[in-house]
Amino acid sequence: MTTAEPLRSTNLRELMRDTVNLARAGEHRARRVTIGPRSGIVTPHHSPDGELDAADLAAQVWAIGHDEPSDTGTYTEGYYTHQGVPHIVYAPAP
């Protein structure tokens, strides 16, 4: 399997949209994303019925962009906590 191309942007919302739209188009590999000086790996997740959890993926990108990793490592349906503070991130429209 080949490695997914990294995504970079200076605009966080653009990076979220590009990352989520690639996953919606069937690109389900983990990939490195970079926004400014921050970089990390994001991984698309799916619900038990096989649907892409786009909000989860958007939240992963958002957390990297704000240097706010999840306390538990989960971003299910866009919900995560960082230092005990809850956050919810919605997936961008296609």
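Me: In this predicted model, what does "buried" mean for a residue?

Reply: Buried means a relative accessible area under 20%.

Me: Why does Tyr80 count as buried?

Reply: Tyr80 has 1% relative accessibility, and the cut-off is under 20%, so Tyr80 counts as buried.

Me: Is Tyr75 buried or exposed, and how do you know?

Reply: The relative accessible area of Tyr75 is 13%. Buried requires under 20%, therefore Tyr75 is buried.

Me: What makes Tyr75 and Tyr80 an aromatic pair?

Reply: Rings pair if their centres lie within 6.5 Å. The centres of these two rings are 5.1 Å apart, so they meet the rule. The count by this rule is 1 aromatic pair.

Me: Why is the pair called tilted?

Reply: The planes of Tyr75 and Tyr80 stand at 50 degrees. Stacked needs under 30 degrees and edge-to-face over 60, so the pair is tilted.

Me: How many cavities of 30 Å³ or more does a search of the whole structure find?

Reply: The search finds 1 cavity of that kind. The largest cavity holds about 40 Å³ of space.

Me: Which residues line the largest cavity, and how do they divide by class?

Reply: The lining consists of Thr19, Ala23, Glu27, Arg29, Arg31, Val42, Thr43, Pro44 and Leu57. By class, there are 4 nonpolar, 2 polar and 3 charged residues.

Me: What makes strand 2 and strand 3 a pair?

Reply: Pairing takes at least two bridges. Strand 2 (residues 31–35) and strand 3 (residues 38–42) have 5 bridges, in the antiparallel sense, so they pair. Thr34 stands opposite Ser39 in strand 3. The two strands form a hairpin with 2 residues between them, and Gly36 in the turn has a positive phi of about 60 degrees.

Note on methods:
Residues numbered from 1 in each chain as written. Predicted model: local features only at pLDDT ≥ 70, side-chain atom pairs only at ≥ 80, totals over all residues. Heavy atoms only, no water. Phe/Tyr/Trp six-rings, centres within 6.5 Å; stacked < 30°, edge-to-face > 60°. Buried < 20%, exposed > 50% of the residue type's maximum accessible area, 1.4 Å probe, protein only. 1 Å grid on protein atoms, 1.4 Å probe; cavity = no way out; pocket = protein on both sides within 12 Å on 5 of 7 lines; lining within 4 Å. Points joined across faces, edges and corners; volume = space filled by probe spheres on them. Nonpolar A, V, L, I, M, F, W, Y, C, P; charged D, E, K, R; others polar. Helix = DSSP H or I, 4+ residues; strand = E, 2+ residues; numbered from the N terminus.
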